[in-house]
Amino acid sequence: MSFAFKEVVEAAQAGLKDAPENAIAEFSVSSRQVAGLESEVAVRQFKLAVDEPEALGGADAAPNPVEYVLAALASCQEITYRLYADALGIPLDGVSVDLKGPIDLRGFFAVDDSVRPGYQGIEGTVTLDSPASQADLQRLKDAVDRHCPVLDILSNPTPVSLELAGAGSGEKTEAA
């Protein structure tokens, strides 16, 4: 199946310029723990399984949340490269992304409060299959770096507000 990605980008740009009030797209998920550390996440009509490896107390039935973060970044990069290559008229026959990141488990397991529980950093390689010049590929990378939503989410502070709703008191309390 072939899509006219350039037309998709151009139509979205034109539509959003003409009606900026339509620019907000809200996404949502719903998750519930089903057994042990395994969760089921509902995303639109899809169900995703989440678990931890056995070494971290899980049954290793599915990727863990931090692996899904890497998967989200990798696939968002691929999508953004595809869309912007077509929009910029840069030939792109394929794109793949390999990522890795260390997490110091002392933060997750509350061994050392000075250690953050998340990734210490994320490194990776984007491989482009393209006959384009290095200058065009750099122009493409610059566009992708400016417009990839998951890269932005991971690179910049994103306000998060989580409310705690417990069955015990019936009261809702704010959790940060």
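User: How much space lies in the second largest pocket?

Analyst: Rolling a probe the size of a water molecule over the atoms shows where empty space is left. Here a pocket is an open set of points on a 1 Å grid over the protein atoms alone, where a 1.4 Å probe fits, with protein on both sides within 12 Å along at least five of seven lines. Volume is the space filled by probe spheres set on the points, which are joined across faces, edges and corners. The second largest pocket holds about 570 Å³. This is a predicted model: local features need pLDDT of at least 70, side-chain atom pairs count only at pLDDT 80 or more, and totals for chains, interfaces and linings use all residues. Residues are numbered from 1 along each chain as its sequence is written, and side-chain values use heavy atoms, with hydrogens and water left out.

User: Which residues lie nearest the centre of the second largest pocket?

Analyst: Lining residues have an atom within 4 Å of a point. There are 23 of them here, and L73, G121, I122, L151 and L154 lie nearest the centre. Two or more lining residues come from each of α2, β4 (94-100), β5 (123-129), α4 (134-147) and α5. Helices (H or I, at least four residues) and strands (E, at least two) are DSSP runs, numbered from the N terminus.

User: What is the volume of the largest pocket, and how does its lining divide by class?

Analyst: Its volume is about 1800 Å³. Of its 37 lining residues, V29, Y68, A72, V150 and I153 are closest to the centre. The lining has 26 nonpolar, 6 polar and 5 charged residues. Ala, Val, Leu, Ile, Met, Phe, Trp, Tyr, Cys and Pro count as nonpolar, Asp, Glu, Lys and Arg as charged, and the others, Gly among them, as polar. β2 (38-43) and β3 (46-50) are among the elements that each supply at least two residues.

User: In which sense do β2 and β3 pair?

Analyst: Two strands pair if DSSP finds at least two bridges between them. β2 and β3 run antiparallel over 5 bridges. They form a hairpin with 2 residues between them, and R44 in the turn has a positive phi of about 50 degrees. V41 stands opposite L48 in β3.
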